[in-house]
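Colleague: Can you put the model up? I have a few questions about it.
Modeller: Here it is.

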Amino acid sequence: MRGAKTMKWSTLAAAVALAATACGGSGGDGDSASGKPAGYVSMFNGEPQHPLLPSNTNEKFGGYVIDALFTGLVGYDAKGGLIDMNAASVDTKDNKTWTVKLRKGWKFHDGTDVTAESYVKAWNWMANVKNKQANSYWFDDIEGYKDVHPEKGEPKKDEMSGLKVVDDHTFTIELSKPVPYFEYKLGYKTFTPLPESFYKDPKGFGQKPVGNGPYRFQKWTHNKLIQVEAVSGYKGSNKAKNKGIQFKNYSNLESAYQDALSGNLDLVDGVGPKDLPKRKADFGDRALDVPYAGTQSIVPVFYSKPFKDVDPKVIQGLSMAIDRKTITKTVLQGTRIPSKGFTPPQVKGYQKLDTDVLSYNPKKAKQYIKEGGGIPGNKIWIQYNADGGHKEWVTAVCNSITKATGVTCVGDSKPDFQTDLQARQNNKVKGMYRGGWLADYPLNVNFMQDLYKTGASTNYGRFSDKKVDELFEKGDHAGSLDASVKDYQKAEKELLKKMPAIPLWDYAANIVHGEDIDGVKVGFDGNVLVTDITVK
Amino acid sequence: MGRYVARRLLQMIPVFIGSTLLIFCMMYALPGDPVAALYGEKKPDPAQILAIKHQLGLDLPLWHQYWNYLTGLFQGDFGTQIATQRPVADVIAQAFPVTIRLTLFAFVFTVVVGVLLGLVSGLFADKAFDRIVLVFTLLLISVPSFVLGYLFQYLFAFQLDWLTPTVQDSRDPGQLLLPAIVLAALSLAYVTRLTRTSVAENLRADYIRTAVAKGLPRRRVVGVHLLRNSLIPVVTFLGTDIGALMAGAVVTEGIFNVHGVGNTIFEALNRREGSTVVGIATLIVIVYLVASLLVDLLYAVLDPRIRYD
């Protein structure tokens with residue numbers, strides 16, 4: 001019996017030890033305060049994937065915070081037009097040398113002035129290959145980019161020769177070749193200034209950023225929330241109409257929806273499939289669907305068996321076999337808007353295409369495919385990632401195609417986005433893949449050049465067409481922005497004949513918000529304009 | 001007994017190395033490149049990818065990477081996350097306390113309610129109460145946890161308005177109650193069934209008849225003689241269950257927005273953050289190993305005939 005007794009004690013001790021670790025750990029969970037200060041808006045967000053640096057943030061969760069903390073030179077209005085923000089003017093005579101004049105009196109949140117040097121020094125740092133910033137490629141138009149960011153080996157210089165400070169509030173940007181739409185690119189979030197304090201501790205800055213934007217950083221409790229406070233002396237046109245924002249971390253949309261429903265959360269800018277059918281009943285006119293500049297398409301890969309040397313007529317036929325109207329209404333619950341072209345209406349350069357290729361017409365679809373010589377094997381595949389909620393509409397599109405044309409169509413599911421992307425990069429797609437594109441800047445160029453130019457890095461369909469390339473090239477060398485947009489509009493018409501992709505529908509931001517807030521608007525990128533939200 | 005424990009602890013070393021190696025290889029074999037994923041659907045930058053890989057040692061051969069990982073581990077270094085650049089140790093330190101609290105809650109709930117229900121229905125086997133418990137446990141086993149989760153959310157948060165639908169503060173025991181109960185539901189059903197069968201069987205055993213014949217009070221017969229002997233299968237189940245509760249809470253954590261281990265490992269897996277996945281999985285393996293050692297030691301407490309010498 002003695003043995004049993006000692007054992008009792010040792011087990012007890014072990015249990016106590018376990019419990020102790022549980023208690024001891026509770027400090028690591030951070031702030032207990034779950035309440036939000038008065039006048040603040042709480043909204044759904046997730047944990048940013050990268051440290052909070054404008055040059056290293058390329059996903060939505062971090063993007064929201066960066067946009068709140070930093071203001072760049074230019075911004076965009078609701079129709080995709082340019083507006084000056086921190087810049088008083090951005091001028092060019094030859095599309096090659098751009099002169100930027102800054103507005104005076106702007107300050108970083110640490111009290112230091114925003115000067116031309118704050119921009120130039122920051123951009124040189126961001127572009128440098130040694131600093132490994134994910135958005136560094138945005139600077140590759142600038143003369144001298146290759147010196148700081150060579151394809152191989154160490155950078156030769158610390159500064160790009162194209163950036164020159166003229167005086168405290170003026171600097172010039174010289175590009176390696178003329179880019180008529182360069183000013184549009186300047187609106188991207190990586191083209192921001194950084195304060196002098198950044199260079200002392202870039203790593204610490206990523207956890208506690210200091211910007212020049214409408215909000216000042218307050219705290220980041222990992223996995224829980226990021227809180228920013230409105231800056232009272234902010235000089236930009238997008239001054240906050242609320243006192244601050246709490247970006248709350250949710251692991252999924254469903255739980256955020258429940259919180260919004262019970263009044264614990266002010267705003268969710270996405271609705272999970274489970275809640276889509278009942279969002280209008282739950283929130284009434286506080287459930288919004290706002291279209292923005294993003295499209296979804298299915299992209300044939302031109303090395304695959306069904307689409308090798310295909311007559312574009314066949315792809316046009318397939319496009320006409322898809323009943324976009326019914327699918328967006330039923331399967332997608334009205335969260336998408338059928339596409340009318342390769343660019344969505346929210347961008348500059350959107351044009352009404354006079355075409356029936358994008359409307360449902362089963363008879364013509366069948367006829368076109370027949371005239372185009374049919375599809376080898378009479379079978380196509382649509383590759384998609386199973387973790388993104390795409391299965392339902394892929395099945396619906398397939399059914400629509402099969403029903404209208406008799407072409408067998410099956411979904412080719414990859415377990416997650418990573419696997420899906422790898423298959424695309426390595427030319428392993430069997431027939432078509434699901435393509436999605438969100439605007440980086442609201443210009444029609446952005447929806448064509450990266451996707452359909454021969455050899456473009458995201459042209460995974462490996463589409464290549466001489467005439468299209470020529471038109472792109474012409475647009476890139478046009479004398480003015482408007483001329484460039486026009487050339488790309490011509491290119492879009494050409495794309496409709498060559499069909500490098502079948503546009504399906506444009507995105508809409510599905511938003512539900514609580515009774516306490518008002519003024520919920522959405523930018524071209526689908527993000528809620530947080531500065532415009534008012535608190536009742 | 002000390003020698004026995006020492007032997008068991010030594011046995012953990014190969015298990016530990018083997019399991020980390022296995023998970024490490026699995027992460028390596030998964031398609032998708034975590035560094036390329038930093039660029040999303042946008043143009044990946046080969047020069048930069050190489051630089052990042054070199055910095056993190058991801059360009060080394062697999063065995064070398066594993067060696068670096070292991071040696072780092074013994075110096076208390078769990079590695080660094082590729083995207084967030086946060087030390088994995090920080091990420092784990094944030095997620096584990098939350099999960100441990102949730103698990104303890106769920107575990108206590110399972111043990112107390114499960115054993116009690118099982119004991120009573122075992123004592124009154126084939127009576128009305130037993131039948132009701134049978135139906136109840138069958139229901140728990142057959143209903144998936146997300147159905148139960150949403151049902152509870154609807155009932156307690158929206159209809160009765162007792163709680164917030166999600167956990168706002170994971171240190172508030174009241175708020176963890178709901179996810180803990182949902183998490184515990186399945187194990188609860190198993191524990192109840194196991195206890196019930198075991199009690200009903202042991203009730204007919206010789207030593208119980210002897211105890212009753214000796215004129216011992218009923219409380220002692222049931223509480224000490226019967227229950228103690230009936231708990232052996234239950235303890236075995238509970239030991240392995242602790243690990244399952246910790247790692248398998250992805251669904252429940254998602255519904256109630258608890259940022260615990262389940263969610264962290266799921267996200268890390270999606271982003272191919274190898275060091276995070278291996279780190280957490282290793283810790284869970286250790287929890288399993290320790291729990292099973294405790295279970296074996298508990299056998300001796302429950303049944304004096306079992307000795308470890």
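Colleague: Start with chain B. How many residues of domain 1 of chain B are in contact with domain 2 of chain B?
Modeller: This is a predicted model, and in it 14 residues of domain 1 of chain B are in contact with 13 residues of domain 2 of chain B.

Colleague: Which helix gives the largest share of the domain 1 side?
Modeller: Helix α1 of chain B, residues 2–29, with nine residues of the side that touches domain 2 of chain B.

Colleague: And how does that side divide into nonpolar, polar and charged?
Modeller: On the side of domain 1 of chain B that touches domain 2 of chain B, 10 residues are nonpolar, three are polar and one is charged.

Colleague: Where are the domain bounds, and how far apart are the centres?
Modeller: The assignment for chain B puts domain 1 at 2–74 and domain 2 at 89–302. Their C-alpha centres lie 32 Å apart.

Colleague: What does UniProt list as transmembrane region in chain B?
Modeller: The unreviewed UniProt entry lists several stretches of chain B, including 12–30 and 132–156. In the model, residues 12–30 of chain B are 95% helix and 0% strand, with the end C-alpha atoms 27 Å apart. For residues 132–156 of chain B the figures are 92% helix and 0% strand, and the end C-alpha atoms are 23 Å apart.

Colleague: Where in chain B is confidence lowest, and where is it highest?
Modeller: It is lowest in helix α2 of chain B (residues 46–56), at a mean of 81, and highest in helix α5 of chain B (residues 128–142), at 91. Chain B averages a pLDDT of 86, and 98% of its residues score at least 70. The model as a whole has ipTM 0.76 and pTM 0.83.

Colleague: Switching to chain A. Is H149(A) buried or exposed?
Modeller: H149(A) counts as buried because 24 other C-beta atoms lie within 10 Å, and the cut-off is 20 or more. H149(A) is in the loop between α4 (145–148) and β6 (163–167) of chain A.

Colleague: What is H149(A) in contact with, leaving aside its neighbours in sequence?
Modeller: Beyond four places in sequence, H149(A) contacts A127(A), N128(A), V129(A), S136(A), P155(A) and, from chain B, A47(B). S136(A) is 13 residues from H149(A) along the chain, and their C-alpha atoms are separated by 8.4 Å.

Colleague: How many residues has the largest nonpolar core?
Modeller: It has 148 residues, and I382(A) is one of those with the most contacts inside it. Outside four places in sequence, I382(A) touches residues including I298(A), V397(A) and M432(A). A second, separate core has 57 residues, among them I100(B) and V261(B).

Notes:
Residues numbered from 1 in each chain as written. Chains lettered and ligands numbered in written order. Predicted model: local features only at pLDDT ≥ 70, side-chain atom pairs only at ≥ 80, totals over all residues. Core = buried A, V, L, I, M, F, W, Y, C linked by C-beta atoms within 7 Å. Buried ≥ 20, exposed ≤ 12 C-beta atoms within 10 Å, placed from the backbone. Contact = placed C-beta atoms within 7 Å. Helix = DSSP H or I, 4+ residues; strand = E, 2+ residues; numbered from the N terminus. pLDDT = per-residue confidence, 0-100. Domains from an automatic or database assignment. Nonpolar A, V, L, I, M, F, W, Y, C, P; charged D, E, K, R; others polar. UniProt positions renumbered as here; feature names shortened; annotations may be inferred.
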